[in-house]
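I opened the model to look up a handful of residues. These are my notes, in the order I made them.

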Amino acid sequence: SGIIIDGAIDTVVGSLWDGNLITGNEAAGIWVTGGSQGVEIFNTVVKGGTAAAGLDNVGIAIDGGSQDVVVGYPARDMVNVIGDNGVAGIWISGAGTQSVKVLNSFVGVDEDGEALPNEKFGIYVAGGATDVAIGKSGFFGANIISGNLGPGIYVTGANTGVTIANN
């Protein structure tokens, strides 16, 4: 993984002035796990760079009971670009994983609308995650989810409180 956030509290990946480029990882570009809380990820490009190589990687994985995770920032110049991953752009799963928001992110395309496909899913939600919001009302809450080779958003299993709006 490029960045692992394991059991951390109040962690920010991104900056208002300088972004991150995280690419070429065999597992996850960013992995939030271990009950991490209060994590914000914005102004970041996460590209697997390995989808053609057939690796089972994801752009951003959120699991292990992590809570209050926000992928995105409500400002036009602070978008995330998440693509070219072997499995999914964003993977949200696991009992205890809750209060996850995905907003203002480009999943499967770059900022210019050019395809940057994730191989199987744009956003995957499974395994008992609760209170997950993909998109929100208002201009800067919308995600652009397109160009993925499988479903843009796939919700499966015993999840509760999943909201999909304004994408």
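The entries below go residue by residue.

**Ground rules.** I am working on a predicted model, where local features need pLDDT of at least 70, side-chain atom pairs count only at pLDDT 80 or more, and totals for chains, interfaces and linings use all residues. Residues are numbered from 1 along each chain as its sequence is written, and side-chain values use heavy atoms, with hydrogens and water left out.

I looked up Ser66 first. I found Ser66 in the loop between strand S7 (58–62) and strand S8 (67–71). Strands here are DSSP runs of E, at least two residues long, numbered from the N terminus. Ser66 has a relative accessible area of 0%, so I log Ser66 as buried. My cut-offs are under 20% relative accessible area for buried, over 50% for exposed and partly exposed in between, with a 1.4 Å probe and protein chains only. What does the side chain of Ser66 reach? It reaches the backbone nitrogen of Thr33, at 3.5 Å. I count a polar contact as a pair of N or O atoms within 3.5 Å; within protein, one must be able to donate a hydrogen and the other to accept it, and residues adjacent in sequence count only if both atoms are side-chain atoms.

Next I checked Asn80, in strand S9. Asn80 is buried because its relative accessible area is 0%. The side chain of Asn80 reaches the backbone nitrogen of Thr44 at 3.2 Å.

I then turned to backbone angles. Most residues other than glycine have a negative phi. Which phi does Asp84 have? I read a positive value near 65° for Asp84, which is not glycine. Asp84 is placed in the loop between strand S9 (80–83) and strand S10 (88–93). At 22% relative accessibility, I log Asp84 as partly exposed.

Asp131 also went on my list, with a positive phi of about 55° although it is not a glycine. Asp131 is in strand S14 (residues 130–134). Asp131 has a relative accessible area of 41%, so it is partly exposed.

**Distances across the chain.** Trp31 sits in strand S4 (residues 28–33). I get 6.1 Å between the C-alpha atoms of Trp31 and Ile62, which are 31 residues apart along the chain. Trp31 is partly exposed at 31% relative accessible area.

Trp91 is in strand S10. Its C-alpha atom is separated by 8.6 Å from that of Gly122, 31 residues apart along the chain. Trp91 is partly exposed, at 24% relative accessibility.

Val46 belongs to strand S6 (residues 44–47). Is Val46 buried or exposed? Val46 counts as buried, because its relative accessible area is 2%.

**Surface charge.** Asp77, Glu111, Asp112 and Glu114 form a negative surface patch. For patches of charge, I take residues with over 30% relative accessible area and no salt bridge, and join like charges within 9 Å. A salt bridge is a side-chain nitrogen of Lys or Arg within 4 Å of a carboxyl oxygen of Asp or Glu. Asp112 is exposed because its relative accessibility is 67%.

Key:
Patches are made of residues with over 30% relative accessible area and no salt bridge: like charges are joined within 9 Å, nonpolar side chains (Val, Leu, Ile, Met, Phe, Trp, Tyr) within 5 Å. Accessible areas come from the Shrake-Rupley method with a 1.4 Å probe; for residues, only the protein chains shown count as cover. Lys and Arg count as positive and Asp and Glu as negative; His and the chain ends are not counted. The place of a charge is taken as NZ of Lys, CZ of Arg, CG of Asp or CD of Glu. Helices (H or I, at least four residues) and strands (E, at least two) are DSSP runs, numbered from the N terminus.
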